[in-house]
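This report covers aromatic contacts, strand pairing and charged side chains. The sequence and structure come first.

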Amino acid sequence: MNQSKKINKIRQRRQKKVRFRIKGGAVKPRLSVFRSHSHIYAQLIDDASSKTLVSASSMEIKGALKKSDVAKEVGKIIAQKAGKLGVKIAVFDRNRYSYHGRVKAVAEGAREGGLKL
């Protein structure tokens, strides 16, 4: 087994472990974060009905900011959109990423925006 396949299996196992412990519903949806090299995405998911309630991404933000500042803004945007739906509490799903850097910035931005994690 080459190195990249081995690393991918480790990442998938870590993601399954995190997802197993976290469940979101209509009242308390799951705030899932995905990051790529250039963008970051966040979405509120109702696991009971398997539907995405709202989503936000770094592509919605104009201007030249650092990646961590953009991630914080994405958190604020998702909190605003959740507030319009009447969602005040969510469960944070960091996916397979460590709670550090841009992933942490999304959570902090969502908390600043009024979402309770």
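## Aromatic cluster

Phe 34, Tyr 41 and Tyr 97 are linked into a cluster by ring pairs. Rings of Phe, Tyr and Trp (its six-membered ring) pair if their centres lie within 6.5 Å; planes under 30 degrees apart count as stacked, over 60 as edge-to-face and the rest as tilted. The count by this rule is three aromatic pairs.

## Basis of the values

The model is predicted: local features need pLDDT of at least 70, side-chain atom pairs count only at pLDDT 80 or more, and totals for chains, interfaces and linings use all residues. Residues are numbered from 1 along each chain as its sequence is written, and side-chain values use heavy atoms, with hydrogens and water left out.

## Strand pairing

Helices (H or I, at least four residues) and strands (E, at least two) are DSSP runs, numbered from the N terminus. Two strands pair if DSSP finds at least two bridges between them.

Strand β1 (residues 30-35) runs antiparallel to strand β2 (residues 40-46), with six bridges joining them. Four residues separate β1 and β2 in a hairpin. Ser 32 has Gln 43 of β2 opposite, and its bridge partner in β4 is Asp 93. The pairing of β1 with strand β4 (residues 91-93) is parallel and has three bridges.

β2 is also joined to β3 by six bridges, in the antiparallel sense. Gln 43 has Ser 55 as its bridge partner in β3. These two strands, β2 and β3, form a hairpin with four residues between them, and Ser 50 in the turn has a positive phi of about 55 degrees.

## Charged side chains

There are six salt bridges in the structure (a side-chain nitrogen of Lys or Arg within 4 Å of a carboxyl oxygen of Asp or Glu). In the one between Asp 47 and Arg 30, the closest N and O atoms are 2.8 Å apart. This pair links distant parts of the chain, 17 residues apart: Asp 47 is in the loop between β2 and β3 (51-57), and Arg 30 is in strand β1.

A surface patch of positive charge gathers Arg 11, Arg 13, Arg 14, Lys 17, Arg 21 and Arg 35. Patches are made of residues with over 30% relative accessible area and no salt bridge, like charges being joined within 9 Å and nonpolar side chains (Val, Leu, Ile, Met, Phe, Trp, Tyr) within 5 Å. Accessible areas come from the Shrake-Rupley method with a 1.4 Å probe, and for residues only the protein chains shown count as cover. Lys and Arg count as positive and Asp and Glu as negative, while His and the chain ends are not counted; the place of a charge is NZ of Lys, CZ of Arg, CG of Asp or CD of Glu. Helix α1 (residues 3-21) gives the most to the positive patch, with five residues.
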